[in-house]
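Please look through the structure below.

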Amino acid sequence: MKKSWIATLAVFLVMIPLTIYLGSKIPGRSYYLTGTFIIVWLLIPFFMKFEGKRPQARELIMIAVMCALAVAGRVAIPVNHFKAAYAVIIISGIALGPETGFIVGAVTALVSNFFYGQGAYMPWQMMAYGAGGMAAGFAFAKGKLPKKPLPMALFSFLSVILLIGPILDVCNTFLGMPEVTASTLAASFASGFPVNAIQAATTAVLVFFLGRPLLDKLERAKLKYGVGEV
Amino acid sequence: MTHDAFSKCHPSVNFVFFILAICFGAVFQHPAYIAAGIVSSGTYYVLLNGKKSIKSFLRLLLLFCFISFINPVFNTRGDTVLFKLFSRPYTLEALIYGASIASVFVITMLWFGCWNKVMTGEKITCLFGGVAPALSILLVTVFRMVPEMIRTAKRIVSARLSIGKGGAEKLSERARSGASALGALASLSLEGSVTTGDSMRARGYGTGKRTSFSVYGFRRRDGALMILVAALAAAVIAFAFRGATRAVFLPERYFAPLSGANAAGLAAYCILLLTPTVMHIREVISWNISKSAI
Amino acid sequence: MEHFKISDLSFSYPTSGDAALDGVSLTVNKGEFTVFCGKSGCGKTTLLRHLKTVLTPNGRRRGEILFCGVPLGDVPEAEQAAKIGFVMQDVDDQIVTDKVWHELAFGPESLGWDQKRMRSAVAEMACYFGIQDWFHRDVSTLSGGEKQLLSLASVMVMHPEVLILDEPTSQLDPVAASDFLNTVRKINAELGTTVLISEHRLEDVFPYADRAVVMDGGRITVCDTPQNTGRILFEKGDEMFKAMPAPVRAYYSASGKGESPLTVRDGRAWLENSFPNGAKSVEREVSEYAPGGRTALKMKEVWFRYEKDGKDVLKGVDAEVPEGCFYAVVGGNGAGKSTLLNAVCGKIRPYRGKTEIFGKDIKKYKAGELYDGCVSMLPQDPKYLFVKKTVGAELAEMSRDADKIIRTAELCGITELLDRHPYDLSCGEAQRAAIAKVLLTDPRLVLLDEPTKGMDSAFKESFAELIRSLKERGITVVAVSHDVEFCARYADIVGMFFDGAILTSDTPRRFFGGNSFYTTAANRMSRGIFDGAVTVEDVVENYNANKGLQR
């Protein structure tokens with residue numbers, strides 16, 4: 001069995017239950033701490049898988065370009081509320097598959113934190129962005145959804161509003177709400193909704209315009225230099 | 001860049017300290033511990049950020065109020081009803097509990113703010129270098145590309161502007177042109193990435209197991225500091241499990257008394273958290289002494 | 001002892017039928033300094049890339065390459081990585097990591113060296129290249145020249161026996177380029193490293209090279225000492241003769257025989273010895289450039305700075321550009337020449353002064369009006385303008401008028417390229433395609449930012465031709481450039497930009513004739529002997545006239 005599978009099993013069967021148990025024993029308020037540790041454990045198998053692949057130079061650099069593009073892309077679009085990150089991550093997922101999509105998302109979140117500085121949300125962002133890339137990879141895997149502007153744009157809208165946004169809202173609940181209950185979660189979702197909706201809409205617009213061209217460019221790069229075979 | 005003694009220590013010491021400080025800060029709700037957390041993280045934040053801290057403090061103060069006032073909306077327990085909101089009681093006890101949650105939030109944010117200054121990308125990749133070589137190189141290359149891409153993106157936008165593209169008033173036109181500019185950036189970067197890949201392979205990437213060059217030597221001082229931090233943290237944990245940090249807000253307020261052994265726990269906590277601040281100030285003082293000697 | 005032995009190497013890329021290399025045989029000895037030259041696309045890059053397995057392109061191949069007597073393919077990759085250093089053309093893209101120290105350590109890390117060995121190797125190289133002061137800096141804060149030096153150092157850190165450089169200076173300004181080439185020479189002389197370098201800028205490498213290899217169409221046409229190479233090219237009437245250093249060209253064009261001088265110093269000696277009793281200069285009508293007509297651009301006391309309490313970048317720029325001329329601004333690196341262009345096209349707002357474009361204050365142009373049929377700018381890298389999949393689509397983005405597109409494509413000579421991907425174009429072709437995009441906005445004033453960067457001599461000539469046809473159409477061209485030789489040859493007016501202002505502006509002949517350092521090689525060579533000889537042709541004309549007098 002591969003290392004990353006063993007790690008996955010270890011995370012689900014040992015680390016998460018152990019963290020929850022210890023969290024409940026901690027004297028004090030432990031929602032954020034427990035939650036964050038669980039997120040960190042969940043991230044580990046993905047990165048182990050990535051390490052296990054021993055990515056070649058060109059493949060590694062292609063992933064790096066997509067991450068950097070997601071971090072720096074907002075400069076190319078001097079329009080308010082247009083953040084390139086989600087669009088680039090989702091398109092990366094579509095073009096390069098779920099595993100690589102996850103890595104692009106997670107690393108984007110990690111690096112963004114160094115350039116734009118946020119902090120407490122970091123592991124959650126890594127998970128949220130990574131999940132966004134991975135979902136796109138699964139949804140558009142061979143023969144599933146068509147890689148056309150409209151389906152891609154719709155998918156992006158839904159994935160930001162139903163997946164990426166809510167994960168970050170959960171973090172807000174864990175961090176700032178008095179307790180984690182259905183009603184506080186609902187309140188977090190409700191307060192996050194306007195921002196998520198705007199982000200989802202702008203991401204959808206960007207994916208609509210950028211999706212096909214960027215997929216073609218990635219396709220061209222893969223063909224020309226024989227990298228990143230999905 | 002400001003000189004900071006703690007930042008010059010080995011990344012592993014920085015990392016362990018911040019993880020401990022953040023974990024403790026996120027958990028302890030005893031007012032004394034909260035006070036210790038706020039004072040030490042706040043002081044260190046100011047030492048690192050200087051005048052810019054005022055803006056961050058104001059923002060945190062706003063968030064503090066928001067979180068404090070929102071708690072009683074969800075939490076109606078407590079006897080001292082201040083007023084009724086949507087026919088639900090808004091109690092003083094819940095408000096105080098909210099304030100403690102908000103303080104914990106503020107402490108976490110402040111420590112992360114310090115983390116941002118101290119734990120540079122260089123240090124993170126140094127820590128990962130041994131365990132996750134591929135991720136470490138990926139991070140390094142992304143750090144390398146981002147500033148370059150920001151510069152290129154600005155140039156592309158400006159170049160397009162001077163052939164009459166992207167300056168339109170209409171939002172949809174601008175979004176569309178932005179997507180084109182982003183596409184151009186992607187093309188340029190993807191083409192360039194082939195050269196980067198070649199340059200990596202030309203210098204032997206992928207020929208065998210990588211080692212990682214460290215600009216940070218682990219000195220004796222780092223070892224001593226690590227032991228100190230670990231010992232203090234162990235003491236804090238031990239006292240915490242003995243109930244020194246016990247704090248109950250609802251239904252009835254109860255805080256563990258600060259007498260006897262409990263005071264030792266709090267002292268350990270304070271010393272731990274103030275370590276970077278003390279190191280910083282000590283360096284400033286000794287620098288000033290040697291400067292006046294010249 | 002031979003380092004590389006290439007026998008009968010032929011190669012063609014999978015996408016094209018033509019041979020990129022055609023029966024190339026070459027032996028490179030240890031410690032030799034070999035220069036490769038030839039037009040863009042002559043196969044020199046392809047040949048150099050064959051000398052390192054990981055960089056060898058895919059395609060059909062015949063022939064054999066031996067490295068120290070062993071077939072190159074049998075030399076393990078790790079050994080090749082250490083022993084064969086390769087520096088590429090792209091200044092930015094070949095740097096992998098974000099810190100200077102990490103870039104230096106990247107090779108040793110990949111080869112799995114231990115900490116101690118890495119430390120001493122890195123320290124040693126940092127000192128040798130004098131980069132210990134910027135050891136901890138971010139790569140993104142380095143200048144182009146510094147970046148290229150870093151790339152060289154991070155290859156040298158593995159102590160290679162062979163150093164291969166593929167057009168390493170094509171993206172650098174002249175000062176940084178000769179610094180870089182001097183370092184390469186130093187490495188060859190002090191460490192005995194074998195050097196194989198391909199270059200357009202032959203002035204700086206020819207005098208020191210042991211051998212020059214000229215390539216054309218995938219074949220080696222000349223392989224000889226630099227002196228002989230100049231003569232052979234001249235005798236054959238080869239196009240590459242135009243790329244030779246100025247003293248070589250002047251010497252053979254004038255006298256045609258014997259050993260030519262390679263440096264300006266030797267060129268001067270040659271001229272002085274030819275005319276021991278002094279020479280008379282050819283009288284030339286030196287007139288003001290006065291085409292009459294309107295003024296395209298007028299700047300009066302323009303001041304600008306980027307930040308409120310930053311330094312002034314433009315300090316009272318005065319300029320007047322007549323309509324229909326080619327105005328070139330020369331000057332050092334980072335002096336603010338690009339800022340000047342941005343001020344002309346209204347992208348930055350000077351805090352004092354006045355800029356008039358075609359007699360109208362720039363502030364009175366409405367948003368968008370300026371870029372629609374008035375001013376247009378070609379960026380330093382033409383790729384900044386490419387957003388589509390084909391050149392045709394690029395042009396279609398600019399205009400719906402099919403006739404106009406065809407006409408513009410013809411003017412720029414890119415009719416055959418319309419179906420190509422813009423990124424598959426050569427540097428010169430890409431420049432033309434970008435110009436076509438610029439021209440489709442119907443500009444009356446075209447601004448060019450370093451237009452000849454990375455171009456070889458053949459491309460420069462056809463580019464000058466294009467500028468001429470723009471002028472014929474009444475379009476005014478303003479360029480900022482480092483390329484003194486190009487401006488001397490083709491510009492109508494040259495302005496010197498220094499310390500935030502245009503200090504002097506004049507016709508190239510008077511401008512460069514008056515300078516003694518910042519001028520063309522031909523002028524430096526003939527200064528004090530012939531007056532006002534700026535180009536190689538001027539020198540030759542003077543020489544012949546005086547030889548006639550002597551007889």
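This is a predicted model. In chain C, four strands make an open sheet, ordered S2-S1-S4-S5. Their pairing is antiparallel. Strand S1 (residues 2–12) and strand S4 (residues 60–67) of chain C are antiparallel and joined by seven bridges. One residue pair can be named: Ser7(C) has Glu64(C) in S4(C) as its bridge partner.

Next come two helices of chain A. Helix H4 (residues 84–96) packs against helix H6 (residues 122–139) of chain A at an angle of about 40°, and their axes are 7 Å apart. H4(A) and H6(A) are therefore oblique to each other. The crossing of H4(A) and H6(A) is right-handed. H4(A) brings Tyr86(A), Ile89(A), Ile90(A), Ser92(A), Gly93(A) and Ile94(A) to the contact, while H6(A) brings Tyr129(A), Gly132(A), Gly133(A), Met134(A), Ala136(A) and Gly137(A).

Chain A also touches chain B. Their contact takes 55 residues from chain A and 64 residues from chain B. On the side of chain A, helices H2 (31–52), H3 (57–72), H5 (98–116), H7 (149–176) and H8 (182–225) of chain A each give two or more residues. H3(A) gives the most, with 13 residues.

| Site | Nonpolar | Polar | Charged |
|---|---|---|---|
| Contact of H4(A) with H6(A) | seven residues | five residues | no residues |

Terms used: Residues are numbered from 1 along each chain as its sequence is written. Chains are lettered from A and ligands numbered from 1 in the order in which they are written. This is a predicted model: local features need pLDDT of at least 70, side-chain atom pairs count only at pLDDT 80 or more; totals for chains, interfaces and linings use all residues. Two strands pair if DSSP finds at least two bridges between them. Axes are lines fitted to C-alpha atoms, for helices over the stretch in contact, and angles run from 0 to 180 degrees between N-to-C directions. Angles under 35 degrees count as roughly parallel, over 145 as roughly antiparallel, 65 to 115 as roughly perpendicular and the rest as oblique. A crossing is left-handed if the near helix is turned anticlockwise from the far one by less than a right angle, and right-handed if clockwise. Two residues are in contact if their C-beta atoms, placed from the backbone, lie within 7 Å. Ala, Val, Leu, Ile, Met, Phe, Trp, Tyr, Cys and Pro count as nonpolar, Asp, Glu, Lys and Arg as charged, and the others, Gly among them, as polar.
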